[in-house]
Amino acid sequence: MPVQRSGQSEGDASPDAVLIRRTMAEVGPVADKVTSYFYALLFVRHPDLRSLFPAAMDTQRDRLLKALLTAAEHIDNTPVLVEYLQNLGRGHRKYGTRAEHYPAVGECLIGALSRYAEPIWDAETEAAWVRAYTTISQVMIDAAAVDELRAPAWWYAEVVSHDLRTPDVAVITVRPDQPYPFLAGQYASLETPWWPRIWRHYSFASAPRSDGLLSFHVKAVPAGWVSNALVHRARPGDIVRLGPPAGSMTVDHTTTSGLLCLGGGTGIAPIKALVEDVAEHGERRPVEVFYGARTGHDLYDIDTMLRLQQSHPWLSVRAIVDQQAHLQLPDAVREYGPWIEYDAYLSGPPGMIRSGVDALRDVGIPSERIRHDSVEELVATGD
């Protein structure tokens, strides 16, 4: 795959990438119809695959298609694409996805695209999509095969504590049934017994612990099946499933650069893990944490962060409360600094990550030193 750098014009893109983007532009306005038709084709032609998906498709029906289209659209951007696809391939093991399933998905994807991009669809376009999908699926299949040699497809984990910090935020600690290796700043997907085959991502709220326990901060969101189950229904003794760890928002311990960390809401969880990671490595690099919330009530973990600040002189924690400061978190960061020598880490809602990336670029931090794990957003802001 040729490499495309961010900002590359269509004139510099590979011929396949040009055809793929034209298809995307054509189907964009009717993406919902493309998605519906794709799954209709898949389940009619391959009814045996229906069991891999949740009983109710409405909340994650478009996830597979969105992932495939995101990957196809960035077919020229090899470094980002391969890392994204490898994570996707490893993560799909927990659904029971096998190598022989990929051709069926590709056939139905191309069937749906050819129907809704009919005005521009021709043999050349179809060949470009076949090549792109072949590349995409092979990277995913290879990553899954390598992962199978060293890790299970999922872990069972018992809830050992459930701490309701606010009416809609809980800190949940679980004990995996076998060792679960991960890095501070990463995340895992969780499935509850109440909603089989529906998985949601949650960041680890601590660095790896000697007792092997894992903690997550979960906010119940309206109509959120998994989050509401974890916050309002889960109790000690319940068993959940964990997918493999993923994410690249990790500390580079080969440098002494300072860390500038922006955590919004439950996004403070992986930031806390990063602070613990720096402390455990015995480093004295400066770590600046901006903890954002809409109200003071939403700063549910501020006491923990302030205790960490008291223990570590290299750590500074600033709470930014929108309603008190009349200031959004990214704007507050601009008022401090300079941050040129810092590596930046962002965790929180997608909107906060988007505005945070913009703010950090504005104050001179290059994109390659800004880390977060909203993959589609990362790909989009790189263009």
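## Arginine 197

At 29% relative accessibility, arginine 197 counts as partly exposed; buried means under 20% relative accessible area, exposed over 50%, and partly exposed in between, with a 1.4 Å probe and protein chains only. You can find arginine 197 in the loop between strand E3 (187-191) and strand E4 (199-203). Its backbone deserves a look too: arginine 197 has a positive phi of about 70° although it is not a glycine.

A word on what you are looking at: this is a predicted model, in which local features need pLDDT of at least 70 and side-chain atom pairs count only at pLDDT 80 or more, while totals for chains, interfaces and linings use all residues. Residues are numbered from 1 along each chain as its sequence is written, and side-chain values use heavy atoms, leaving out hydrogens and water.

## Alanine 223

Alanine 223 also has a positive phi, of about 65°, although it is not a glycine. Look for alanine 223 in the loop between strand E5 (214-219) and helix H7 (225-233). With a relative accessible area of 67%, alanine 223 is exposed.

## The whole protein

Now let us step back. The protein has 13 helices and eleven strands; helices (H or I, at least four residues) and strands (E, at least two) are DSSP runs, numbered from the N terminus. Its radius of gyration is 22 Å, close to the 21 Å that the globule rule gives for 383 residues, so the protein is as compact as a globular protein of that length. This radius is taken over C-alpha atoms, and the globule rule is 2.2 Å times the number of residues to the power 0.38.

Taken along the principal axes, the C-alpha atoms fill a box of roughly 65 × 50 × 40 Å. Of the 383 residues, 51% are buried. Among contacts with a separation of 6 or more, 74% join residues 24 or more positions apart, where contact means heavy atoms within 4.5 Å.

## Helices H1 and H6

Helix H1 (residues 15-27) and helix H6 (residues 123-148) have axes that come within 9 Å and cross at roughly 105°. Axes are lines fitted to C-alpha atoms, for helices over the stretch in contact, and angles run from 0 to 180 degrees between N-to-C directions. That makes H1 roughly perpendicular to H6: angles under 35 degrees count as roughly parallel, over 145 as roughly antiparallel, 65 to 115 as roughly perpendicular and the rest as oblique.

Where they meet, H1 brings Asp16, Leu19, Ile20, Thr23 and Met24, and H6 brings Glu124, Thr125, Ala128, Trp129, Arg131 and Ala132. By class, this contact has six nonpolar, two polar and three charged residues. Here Ala, Val, Leu, Ile, Met, Phe, Trp, Tyr, Cys and Pro count as nonpolar, Asp, Glu, Lys and Arg as charged, and the others, Gly among them, as polar.

## Helices H8 and H9

Helix H8 (residues 268-280) packs against helix H9 (residues 302-311) at an angle of about 20°, with their axes 11 Å apart. That makes H8 roughly parallel to H9. Ile268, Lys272 and Val275 of H8 make the contact with Thr304, Met305 and Leu308 of H9. Sorted by class, the contact of H8 with H9 has four nonpolar, one polar and one charged residues.

## Glutamate 107

Our last stop, glutamate 107, sits in helix H5 (residues 102-116). Glutamate 107 is partly exposed, with a relative accessible area of 37%. Leaving aside neighbours within four places in sequence, glutamate 107 is in contact with Arg45 and His46.
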